[in-house]
Structures are given as C-alpha cells and as structure tokens.
Amino acid sequence: MASRLLLASRAASYLRISVSHRGFATVLKDLKYLDSHEWVKVDGNSATVGITDHAQDHLGDVVYVEMPEVGASVTQGQSFGAVESVKATSDVNSPVSGKVVEINEKLESSPALVNSSPYENGWMIKVEMSDSGELNKLMGSDQYSKFCEEEDSKH
Amino acid sequence: MRGSLWQLGQSITRRLASGDKKAVAHRYFATEAELKKTALYDFHVANGGKMVPFAGWSMPIQYKDSIMDSTLNCRENGSLFDVSHMCGLSLKGKDAIPFLEKLVIADVAGLAPGTGTLTVFTNEKGGAIDDSVITKVKDDHIYLVVNAGCRDKDLAHIEAHMKAFKAKGGDVSWHIHDERSLLALQGPLAAPVLQHLTKEDLSKLYFGEFCMLDIHGSHCFLTRTGYTGEDGFEISVPSEKALDLAKAILEKSEGKIRLTGLGARDSLRLEAGLCLYGNDMEQHTTPIEAGLTWAVGKRRRAEGGFLGAEVILKQIQEGPPIRRVGFFSTGPPPRSHSEIQDEQGNNIGEVTSGGFSPCLKKNIAMGYVKSGLHKAGTNVKIVIRGKPNEGVVTKMPFVPTKYYKPS
C-alpha cells in the first residue's frame, strides 16, 4: 500500500503536479532523522535506531540484517551495519555517537520485520549516547518528509 | 555491463547513504535523458514500473509487486517480461551457416530447421564475447538474440567478419530487427494462456524450437525458451502490436500472469543456474570454464573452425583451470566479487552472482573456483565485508528447471 502511494506520488512529481505526501511513506513526529534515512528515538540518554519507512520501501524485501556487537562504539553518520534486500545491499549509518547496549536479536530470524514494522519491531540497535548535542544536527519529521519528497522528485 | 543488475540495485539504494548527493543526482539526470525507451515504456509506467537505466535503456526493475512476490508468482503462475532491449538479428543467405559457425561454438549446420540452442560468441583467445540463443529458421536463415549490453560490440564483431567473408565471395547479409519488440512469457500458465491467442498447436512446439505464426493477429517469431528455468516463450512481435499483445496476454491469464521486472528476472535466472553475461561470463572466460562444454557441438569438437577453438578444444581435453559452480551459504547473501576461500582461508576464487533465493529461502550464488575444488559438497568460505561465512559447492540449477520436452 505504502509503495503504491509512493509510486503515485513519484509519477505525480515527474509530471510536476504537486501532491500531498500525507499517508505516503510514514514519518513519525517524535523521531529524529539522518539524511541517509535512519531514525532515532530518544529516551533520556538511550537512543533506539532503525531505518525509515521510506528506506525500507526503496530497498524492498529485507533478507538479512548485519548488526554490530553489544559494546561496539558507533559514530554519528558512520556505518554500523548493513541491510540486505533481494535487490541490493545498503549500509546503515548511526544517527548518534555512543556505545551499543542492545541489538534487536529478532532480526536475525525475522529480517522482514524491517519492512513490516520499520519504527517498532524492526528497530536495530539501542545506543547509550555520548553526546546528546548531536541530536541538533538531525532532521525533524517535517524536514525529513520534505527531504524524501525532494529526493524522489529527482527520479 | 559488469555487475550490471546488482550495481543497478546498489546504485539505487546506496544513494540512500551517499554523502555526495548532488553528484549522484546529476549523474542520474544526465543519463536519463539519453535512455532508450521500448514500445511498452508508457505501459510500464502506467502499471507502476520502477524505471531504471539498464544497458542504455529505461527498463522496469520491478512493478508494484515486490521482487520476492514476482519471483514466486512466475514459478506458480507466470510472468510477462518486456525484453525489447535485447537485440534480435537475422542472418540470411546461402552461406549464413558457415559464416556463423566461424563465430560460435554451436553445430549450427546440425540443427534441424526450426530448432535452436544457447551458444557463445568467442574471441581468438577462446573467451566469450557474448552468449546468445540462436535458431536455424531454415538453411539460409538464422535468427538470434544478443544481450542489450553487448549489442554494439556484437554487431561490430559480426559486421567486421561479415565484410571479410563477403569479400571472399560468401553469401550472407543481416537484418537487425529494430522494428520488432520482444516479450518473454514464462511460467506454468505461459502455454495455456498463449494457446488462447493462436491457432497453432503449441503442444507440438518443444523447448528450443521456433516457428513463425500468427498470434493475436500479428506475425510473430516464437521461440520456446527463456531465462527463468520455467517453461515459456520469447515472442518477437512487430512493435506497433506489442502493447496489444501484452495486454491480451495479461487479460487472458485473468490477472495471474503478472508484469515482471528485471529484478525478479535476475532472481529467477540465478535460481535456474543461468549465466548473466558481464557477471558470470566475460571476455576472459571460456565457455568450458563457464560450464557450457555441452554447447560445443560434437562436430565442432572434432573440426574446430571457430575463433579460439585451439584454446577451447584443449580445455575440453585437459580440463579448464577454473570452473563455474553454484553455492549455498549462510550469513549475508553473497554478491558479485565476494571472495571464495578454502577451509584453510586460501583464496580459491570469486563469486560472480549471488543473492537470496525467493523460492528456496536461502542464499544462493555462483562463481569460479580452481579446478579440483569444484565438486559438489566441497566446503568453502565466502567472505562478505571482511567476514568469512560458511558455504558449500552445490549442483545447479538450484531450483529444478521445467522445460517442455517430449516425454
């Protein structure tokens, strides 16, 4: 469903028709976003990280998720793992710096959770942040929606 | 077109993580304007096709169905692919067969009229210039289809040899079928659905056979072949009738045969153990190394007479130094260029195609290993992003083929 809307909107942008992006790839209000299409949800000093609905839609069926080990350090904007779909491989970057305190082990046996539930059951890692000031460099939901729209219109 | 399809997918998704977005966007923009469009381009777009650049053409990598669903549906029901980017070619003249036999490994003279085979165009070193399905329509007419990405190279090669051949008095000429479109109809419903659109009895046309016939009111070339491992056809149809025919096929199948893009086509051919030229076969690979020894006709083994015959015939006798084999593996799916190691960690080769098999729900790959380590059951390591993963040499096809052959 999401992908049908995505395509409709893409066709529309190709034709230079303006369309509302509400209801297209879902973007959640209370999250922050990296320009490489990862989201972060902050709770105190703990940050949960995953890839966005837009990213999973572009990737297609996710068949393997490569994750760091608990205890590994991650850096804002740097790759911490990879997502493999039937079609392709994509690096996954961390929106925040810090130490990995938990990984979503369910993705080992059910990588498709990244497609079916990108913001909930498909989360990838939890990070203990070393610098919460970095959050200011990330996009809010409105800015990220606009960013996706612009990126798609280039196609 | 090295790594063409996967690179394509990667260029789409890597973009998600690209630091230099302007450069990437610019590159896309620059190429998109120059891309060729098939007669079905608007139809693809109207049906939700995600159009991507492929071998100089704008082609659908997938439609609304996921690549996983499309792959499964082809084996369960059927798929319709637009493969008009591929180049259809007729060689005509009373010397067309001896001419072609200088360039390919097949026993073209030995083919019965109306039958064809997979073959390889070779260079002087025995390497593959391209693979192609060739059909002997009759003694003075050969029909063949070559890869889109190899079109210019192949045509230049054929033309150069044709000039020399004609200079010596040989009677051969060509016609490039740019007035036609090519549709591939594959899967268990291919024959029953196509039968609704023609009066010819398709049950008498077996795998590898060819005929010219009327389909849905158009004069078509029909080859019972494909690139999925399923029963099916490739239909060459006048371009102005291609849209009508595509619609009729989809309609007659009552929605069960689905438009299918290049993404699923790649999964399907990999599951069927078929080579993608540019990935699994290149200028420097011989057909023997690629596991296509069967395609060197018996008479050709005795007589030679094709480019690179010395190298190829020697390899048949002595065995090739490397061989194309299949693998199952655990961990992330292997991709083109993943290193293959023996159990001790020594380099023994490289993956040329790989991915997750939608039908088998596990990783499959093909690649080249040193002879001696090519036997089914040999344990290997496949290195992905620096980490070795368990793999085992496996017979291909990974998914049993269902070609329609006389019982």
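Two strands are said to pair if DSSP finds at least two bridges between them. Helices (H or I, at least four residues) and strands (E, at least two) are themselves DSSP runs, numbered from the N terminus. By this criterion, strand β8 (residues 98–103) of chain A and β9(A) pair in the antiparallel sense over five bridges.

The structure is a predicted model, in which local features need pLDDT of at least 70 and side-chain atom pairs count only at pLDDT 80 or more, while totals for chains, interfaces and linings use all residues; side-chain values use heavy atoms, with hydrogens and water left out. Residues are numbered from 1 along each chain as its sequence is written, and chains are lettered from A and ligands numbered from 1 in the order in which they are written.

In chain A, strand β9 spans residues 125–129. Individual partners can be located on each side: A:A47 has A:V127 as its bridge partner in β9(A), and A:K99 has A:E128. The strand has a covered face, formed by A:I125, A:V127 and A:M129, and an uncovered one, formed by A:K126 and A:E128. In a regular strand the side chains alternate between the two faces of the sheet.

Chain B contains 11 helices and 19 strands. Its average pLDDT, the predictor's confidence in each residue from 0 to 100, is 93, and 92% of the residues score at least 70. Residues 1–30 of chain B, however, have a pLDDT below 50; beyond near neighbours in sequence, this stretch has 70 contacts in the model. A contact here means heavy atoms within 4.5 Å. Among contacts in chain B between residues at least 6 apart in sequence, 66% join residues at least 24 apart.

Burial is assigned by relative accessible area: buried means under 20%, exposed over 50%, and partly exposed in between (1.4 Å probe, protein chains only). On this scale, 60% of the 407 residues in chain B are buried. The chain exposes about 16,700 Å², of which carbon and sulfur atoms supply 53%; accessible areas come from the Shrake-Rupley method with a 1.4 Å probe, and for residues only the protein chains shown count as cover.

The largest has 29 residues, of which B:L80, B:I215, B:L222, B:F233, B:I235, B:L245 and B:I249 touch the most other members. Elements of chain B that give two or more residues to this core include β9 (180–186), β10 (210–215), β11 (218–223), β12 and α8 (239–252). The largest share, six residues, comes from α8(B). Leaving aside residues up to four places away in sequence, B:L245 touches B:L183, B:L197, B:I215, B:H216, B:C220, B:I235 and B:V237. A second, separate core of 26 residues includes A:M67, A:V100, A:L107 and A:L113.

Strand β12 (residues 232–238) of chain B also holds B:E234, a position that UniProt lists for "binding site" in an unreviewed entry; such annotations may be inferred rather than shown by experiment. B:E234 counts as buried because its relative accessibility is 10%. Its contacts, not counting residues up to four places away in sequence, include B:L182, B:L183, B:F221, B:L222 and B:T223. B:T223 is also in contact with B:T135, which lies in strand β6 (residues 128–138) of chain B. With a relative accessible area of 1%, B:T135 is therefore buried.

Two further elements of chain B are well covered. Helix α9 (residues 262–271) has 10 of its 10 residues buried, among them B:R265, B:D266, B:R269 and B:E271. The helix is followed by B:G273, whose phi is positive, near 75 degrees.

Strand β17 (residues 362–370) of chain B is largely enclosed by the rest of the structure, because seven of its nine residues are buried. Strand β14 (residues 322–329) pairs with β17(B) in the antiparallel sense over eight bridges, and strand β16 (residues 347–357) runs antiparallel to β17(B), joined to it by eight bridges. B:Y368 in β17(B) stands opposite B:R324 and also opposite B:E350. β16(B) and β17(B) form a hairpin with four residues between them, and B:K361 in the turn has a positive phi of about 55 degrees.

Notes:
A nonpolar core is a set of buried Ala, Val, Leu, Ile, Met, Phe, Trp, Tyr and Cys residues joined through side-chain atoms within 4.5 Å.
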